[in-house]
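Please look over the sequence and the structure shown here before reading the report that follows.

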Amino acid sequence: MRPPFQPDRDQLDLVTILAALSDPTRLGIVATLADVGEVSCRVFGDGGNKTALSYHYAKLREAGVTWTRIDGTQRFISLRREDLDAKFPGLLDSIVTNARRATSAEPAS
């Protein structure tokens, strides 16, 4: 299996990152990763079907927001906090804080 594309730190682009974070599902994934660290991709099984989740994971990874580690048949994802903080100081913290606010402000069903 060929490893997935993951941009180097110097390839990170703010517009691409913000575009990847414009989707509520991807924003929720980032907020969760900020809380728990590295997790198996299976953790987000309630966030949609497997194809849709794979699409969201790829968008985040290709934008440089997350890092994917392959171990056997499993994939683990984590935030690229060090790279993002180095290139765009404070961006990730701001995104996560606002994502949490938006989630807590949603009306209960």
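Which residue takes a positive phi in the hairpin of strand 2 and strand 3? In this hairpin, which has two residues between the strands, the residue with a positive phi, near 65°, is Gly72.

## Basis of the model

The model is predicted, with local features needing pLDDT of at least 70 and side-chain atom pairs counting only at pLDDT 80 or more, whereas totals for chains, interfaces and linings use all residues. Residues are numbered from 1 along each chain as its sequence is written, and side-chain values use heavy atoms, with hydrogens and water left out.

## The sheet

Three strands make up an open, antiparallel sheet in the order 1-3-2 (strands are DSSP runs of E with at least two residues, helices runs of H or I with at least four, numbered from the N terminus; two strands pair if DSSP finds at least two bridges between them). Strand 1 (39–40) and strand 2 (66–71) each have a single partner strand and stand at the edges, so one side of each is left without a neighbour in the sheet.

## Strand pairing

Six bridges join strand 2 to strand 3 (residues 74–79) in the antiparallel sense; across this pairing, Trp67 has Ser78 as its bridge partner, and Ile70 stands opposite Arg75. Strand 1 and strand 3 are also antiparallel, pairing over two bridges, and here Val39 stands opposite Ile77 of strand 3.
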